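The tour goes from one selection to the next and says what is found at each stop.

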Amino acid sequence: MKILITGGAGFVGSSLALSLKTSYPQYEIYVLDNLKRKGSELNVARLTKAGIQFVHGDIRNKEDFDPIPPVDALIEASAEPSVLAGLTGTPDYLINTNLFGTVNCLNFALKSKANVIFLSTSRVYPIKTIETLNFEESDTRFVLTDDQPVPGVSSKGIAENFPLDGARSLYGTTKLASELIIQEYQEFFGLKTVINRCGVITGPWQMGKVDQGVMVLWIAKHYFEQQLAYIGYGGTGKQTRDMLHIADLYRLIDWELHHIDQVNGEILNAGGGVESSASLQELTKICQEITGKTIPISQVTENRAADIRLYVTDNSKVTKLTGWKPELGIKEIVTDITQWLDENRTALEPILK
C-alpha cells in the first residue's frame, strides 16, 4: 500500500505515519507538511530515519502535490487547528488551509483513485447549543445529564446527530465545510471516504499551546514548574473534556484503512469518551501526582471567545460499526507524556517552556 499523510510532520500526522511504518514496514508512506507549526521540524528527522518520505510542501498549493506518486490512501491530517485562529486579524490562512487545502487533497485523491480518511473535529458542533445543554456541577467537574433539550446528547456525551445550526468558530466551520465537500466527492465522484470527528487528541510529540494541545501544555507547565490559570466559568477549573491518546486514534485509522468499504461515506465521532475525561481541576491533581510538582494556578473568571463548558464524545456509533473503543485513560496519558518530556527535555524545553 502507498499512503499520503498531509500535515504529516505535525503531531497527529507524524504519529500515524510512524505507527503505520512500524506495523507495515513494506508500505510506502509519504508525508506532506509546510513545517509552519513550531516543533514540527523535530519530526522530520524521526520520519526520515523510519524510512518515510518527507515532502516539504503546502496543501494550499496544488503543485506541491506533484512530487508525490499516485497513492492508495490519503489521510488528511493537516489543519490550522486553533479554535482562536482567525478571530483576531485575517482568517485567510485558516480558510485557505482548512477548506481550499482539503479540496486540493480531494483532487489529488481523485487523480490517484485513493481512499480518503479525513480528520475532522468535535468543533463542528455549535457553541451556543453546547453551552445551553443541561449539566450538573459536581465538586470537581461539570457533567452532562440524560435530560436534554436537543437530540444527539446524553450522559454518554455528544453523538453524530447533534444539531449543526449555529456558529462554531471559524476553525470548526472550515472543517464542517470540508466535510460537506467530501460528501459530494464521495457521492458524485465515487471516492471512498470516512470522516472522523475527533475530540481532544493528545500524546507524546504534541507541541501544546494555550489554544490547542491543552493536555500537553498542562503537563509541561507542571514539569517545567511554571504558572497556569483556570480561565472562564468562574475560574474553578471545572470545565471538562475527553482526551484521546494518539495510540488509540491510530488503532481506529489502521482499521479504517483496511476496512474502508465498511465505513465508506460515514461520519464517526471518535474521542476518549466519559471513561477518559477530566476537568482541568482533576487534570491538575493527576499532574501533581505524576510529576511530583505543584505550581501556582491563578483564576480568571471571564470566559474566552469560542470556549465551551464541557465536551465529551459519545463513541456508540464508531464502536458499533468497527468494534473500536479507547483503551488508554487520563493517568496513562499523563504518565506517557511525562516520560516523553523526561526523555527529550533538552529539545522540548525551548518549545514547551
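Select Ile308 to begin. Ile308 is buried, at a relative accessible area of 5% (buried means under 20%, exposed over 50%, partly exposed in between, with a 1.4 Å probe and protein chains only). The loop that holds Ile308 runs between β16 (297-300) and β17 (310-311); strands (E, at least two residues) and helices (H or I, at least four) are DSSP runs, numbered from the N terminus. This is a predicted model, in which local features need pLDDT of at least 70 and side-chain atom pairs count only at pLDDT 80 or more, while totals for chains, interfaces and linings use all residues. Residues are numbered from 1 along each chain as its sequence is written, and side-chain values use heavy atoms, with hydrogens and water left out.

Now show what surrounds Ile308. Apart from neighbours within four places in sequence, Ile308 is in contact (heavy atoms within 4.5 Å) with Arg123, Ile127, Ile130, Glu131, Tyr233, Gln239 and Arg241.

Next, select helix α6 (residues 214-223) and helix α9 (residues 280-291), which pack at an angle of about 45° with axes 10 Å apart. Axes are lines fitted to C-alpha atoms, for helices over the stretch in contact, and angles run from 0 to 180 degrees between N-to-C directions. α6 and α9 are therefore oblique to each other (under 35 degrees is roughly parallel, over 145 roughly antiparallel, 65 to 115 roughly perpendicular, and the rest oblique). Which residues of α6 meet α9? They are Met215, Trp218, Ile219 and His222, and they meet Leu280, Leu283, Thr284, Cys287, Gln288 and Thr291 in α9.

Stay on Cys287 for a moment: with 0% relative accessibility, Cys287 is buried. Then go to Cys105, which is buried as well, with a relative accessible area of 2%. The closest cysteine sulfur to that of Cys105 is in Cys198, 16 Å away, too far for a bond. The structure holds 0 disulfides (a disulfide is a pair of cysteine sulfur atoms within 2.5 Å).

For the last stop, select helix α1 (residues 11-23) and helix α2 (residues 41-49). Their axes are 10 Å apart and the packing angle is about 15°, which means that α1 is roughly parallel to α2. At the contact, Ser14, Ala17 and Leu18 in α1 meet Asn43, Arg46 and Leu47 in α2.
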